[in-house]
Amino acid sequence: MFTLFVALCEKRDFCSEKQRKTAMKRIVISDESINSYGFWVKTDGIDMEAFSRNPVMLYNHNRYGGGTVHDQLPIGKWKDLRVENGVLTGEPVFDENDEFAVKIKQKYEAGILSACSMGFRALEWSSEPSLLKEGQTAATVIKSLLLEISICDIPSNPNATVVLYDDNSEIVNLSELPNLAIGPKINNMSKEIALKLGLAENADSQSCVDAIQLKDDRIKTLTDENASLKLRLKRHEEAEAAAKKNEMESLLNEAVKKGRIDAKAKPHFEKLFELDHEGTKAVLASLPDRKPMEAAPSGTEAGNLCKMSWDELDKADRLYELKTKFPEIYNQKYQEKFNEKH
């Protein structure tokens, strides 16, 4: 990356070669843009104190094992690091006594190599809404430790724009370990969730959690109230059913006693009560009472038998006689004894 002046020089013819080379002495190291992994590094949170004592410049972050000696040794250093308006810039100084470093310098000055990459260790991440930018998908690095800055040959490679080191100063492969490498994930639905909860779209996560807790408490209260109402309704229905059953038994017993229905008809009427309690009550009320049989004249055979109870008639072995001679009296005695018609 170049400064704005460099970009203008490349697009217009009025810049001299000397002006272009002068502008190219400085290079943007970090400008708080969102990188390809969805997060950005806060410039004023970069700790450069230790780095300034040994401002090493590498090529493509190569330093450990494998490759040539030039791939492992520094190719120079950085000087005059500056932070202006959230942009960190610096000036590369190449090792003129290193043949490989001189080649890199020549390609850099010719504009063939035009990017650098900051290698750092993330010290603190934050998902505070005020630190999030449009399209961001991972938390913001608000504190970091600068370890090295490399000249890179493929700026389009995500690992050539930012490199993260672990606590052992080993390079973390962001492509292979995204969930471990880039810290807490940012939920792009946070804005919509906040609005659904009746909060401002920039509400922080704690406010959303509190709002959800209030809704959960309200749901629990309503659930408890609903359960209480259901229990009260159940008890009311049970009491009503018991009252109806008692009323049914009383009405049927009275109907049998008054001769409105036969005792054998009680089960039938019980089923009718289950289907239509009030309707069956009305039917029973409309039935006439059984008229008592007129008493037989006193002193007559019928009158004498009529005075005797069923048990007395049975003991006197006169039931057959009563049934044969006076069937109406017999039927009355039978009904009085067994509570049903003969």
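These legends go with a set of close-ups of one predicted model.

Figure 1. Count through the fold and you get 14 helices and nine strands. There are 342 residues in the protein chain, and 33% of them are buried. Take the contacts between residues at least 6 apart in sequence: 59% of these join residues at least 24 apart.

**Figure 2. Inside the largest nonpolar core.** This core has 30 residues, and the ones touching the most other members are Ile75, Trp78, Ile104, Met118, Phe120 and Ile151. Two or more residues come from each of the strands β1 (27–30), β3 (56–59), β5 (87–94), β6 (115–126) and β7 (140–152), and helix α5 (99–109) does likewise. Nonpolar side chains in soluble globular proteins do tend to be buried together.

Figure 3. Mean pLDDT for the chain is 79, and 78% of residues reach 70 or more. Strand β2 (residues 46–47) has the highest confidence, at 96, while helix α1 (residues 4–11) has the lowest, at a mean of 35. Residues 1–15 have pLDDT below 50, yet this stretch has 18 contacts in the model beyond near neighbours in sequence. Residues 176–182 also fall below 50, with eleven such contacts.

Note on methods. Residues numbered from 1 in each chain as written. Predicted model: local features only at pLDDT ≥ 70, side-chain atom pairs only at ≥ 80, totals over all residues. Heavy atoms only, no water. Core = buried A, V, L, I, M, F, W, Y, C linked by side-chain atoms within 4.5 Å. Buried < 20%, exposed > 50% of the residue type's maximum accessible area, 1.4 Å probe, protein only. Helix = DSSP H or I, 4+ residues; strand = E, 2+ residues; numbered from the N terminus. Contact = heavy atoms within 4.5 Å. pLDDT = per-residue confidence, 0-100.
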